Amino acid sequence: MGSLEQLYQQVILDHAREKHGAGDPSGMDASSHQVNPTCGDEVTLGVTLDGDRLASLQWDGDGCSISRASLSMMTDLTEGKSAEEIGRLYRDMEVMMHSRNLGVDDEILDELGDAAALESTSQFANRVKCALLGWYALRDAMAQSGIDISTAGEPADQ
C-alpha cells in the first residue's frame, strides 16, 4: 500500500472514530432515517435550517467505518453552507462514488476535502451505499424542509 493510500485509510479511520456531528437528532427541524439493507448500516439524521442555510446537523446510527466516516466528513463539509453549496457537494459526492475508482476531476476532489479519501471505495458497489447513506439522509431531511439539494447547485446549462 502506497503512502497516499495509507494516509487516506487513516483519514477514514480518524473520522469513523471522531464522528463529527454525532448526537441526538430529535428536536431538529426535520429528520430522516435511512437503512442500507445490504450491510445493515442505519442512520437517523436531523437538520436545523436558517433560511436555505444548514445551521446544524446531528446524526445517530450504527454502521461500518466507511458509513460513519462519510457522515463525519459530510458534517464538516455542509454545516453553515447554503442549499446551493450543499447541492454542489452532494452532486460531487455522487459523481465520485459512482466513478468506480476510475478517477474524477481534481476540482471535485478538492471540493470534497477529506471525503476524497473515500474515492477508492467507489470500486465496490456495496461500499458505495455505505458512503452515500448519510448524504441520502441529508437530502431527505432537507427535502422535508422544502429544499431539494438534488437539483440545487446544478450548472445552469443543464
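**View 1. Leucine 13 in helix α1.** In this predicted model, leucine 13 sits in helix α1. Its relative accessible area is 37%, so leucine 13 counts as partly exposed. Look next for serine 65. Leucine 13 and serine 65 lie 52 residues apart in sequence. In space, their C-alpha atoms are 6.7 Å apart.

**View 2. Glycine 2, before helix α1.** Glycine 2 belongs to the segment before α1. With 36% relative accessibility, glycine 2 is classed as partly exposed. Glycine 2 and arginine 17 are separated by 15 residues in sequence. From C-alpha to C-alpha, the distance between them is 23 Å.

**View 3. Two loop residues with positive phi.** Lysine 19 lies in the loop that runs between α1 and β1 (30-35). Its phi is near 50 degrees, a positive value, and lysine 19 is not a glycine. A relative accessible area of 34% makes lysine 19 partly exposed. Asparagine 101 is in the loop between α3 and α4. Asparagine 101 is not a glycine either, yet its phi is positive, at about 60 degrees. With a relative accessible area of 31%, asparagine 101 is partly exposed.

**View 4. The largest nonpolar core.** This core holds 44 residues. Which of them touch the most other members? They are Leu45, Met93, Leu118, Trp135 and Leu138. Several elements each supply at least two residues of the core. The helices among them are α1 (3-18), α2 (65-78), α3 (83-97), α4 (106-112) and α5 (125-144). The strands among them are β2 (42-50) and β3 (53-62). Which element gives the most to this core? It is α5, with 10 residues.

**View 5. Leucine 45 in strand β2.** Strand β2 contains leucine 45. Is leucine 45 buried or exposed? It is buried, because its relative accessible area is 0%, and the cut-off for buried is under 20%. Alanine 141 is 96 residues away from leucine 45 in sequence. In space, the two C-alpha atoms are 7.3 Å apart.

**View 6. Helix α2 packed on helix α5.** Two packed helices are described by the angle between their axes and the distance between the axes. For α2 and α5, the angle is about 40 degrees. Their axes are 8 Å apart. That angle makes α2 oblique to α5. Their crossing is right-handed. On the α2 side, the contact residues are Ile66, Ser67, Ser70, Leu71, Met74, Leu77 and Thr78. They meet Arg127, Cys130, Ala131, Leu133, Gly134, Trp135 and Leu138 in α5. By class, the residues of this contact are 9 nonpolar, 4 polar and 1 charged.

**View 7. Helix α3 packed on helix α5.** The axes of α3 and α5 cross at roughly 155 degrees. They come within 11 Å of each other. Why are these two helices called roughly antiparallel? The cut-off for that class is an angle over 145 degrees, and α3 and α5 are therefore roughly antiparallel. Their crossing is left-handed. From α3, the contact involves Ile86, Leu89, Tyr90, Met93, Glu94 and Met97. From α5, it involves Val128, Ala131, Leu132, Trp135, Tyr136, Leu138, Arg139 and Met142. The contact of α3 with α5 has 12 nonpolar residues and 2 charged ones, with no polar residue.

**View 8. Leucine 112 in helix α4.** Leucine 112 is part of helix α4. Its relative accessibility is 0%, so leucine 112 counts as buried. Which residues are in contact with leucine 112, apart from its neighbours within four places in sequence? They are Leu77, Leu89, Asp92, Met93 and Met96. Now find glutamate 42, which is 70 residues from leucine 112 along the chain. The C-alpha atoms of leucine 112 and glutamate 42 are 23 Å apart.

Methods
Residues numbered from 1 in each chain as written. Predicted model: local features only at pLDDT ≥ 70, side-chain atom pairs only at ≥ 80, totals over all residues. Heavy atoms only, no water. Core = buried A, V, L, I, M, F, W, Y, C linked by side-chain atoms within 4.5 Å. Buried < 20%, exposed > 50% of the residue type's maximum accessible area, 1.4 Å probe, protein only. Helix = DSSP H or I, 4+ residues; strand = E, 2+ residues; numbered from the N terminus. Axes fitted to C-alpha atoms, helices over the stretch in contact; angles between N-to-C directions. Parallel < 35°, antiparallel > 145°, perpendicular 65-115°, else oblique. Left-handed = near helix turned anticlockwise from the far one by under 90°. Contact = heavy atoms within 4.5 Å. Nonpolar A, V, L, I, M, F, W, Y, C, P; charged D, E, K, R; others polar.
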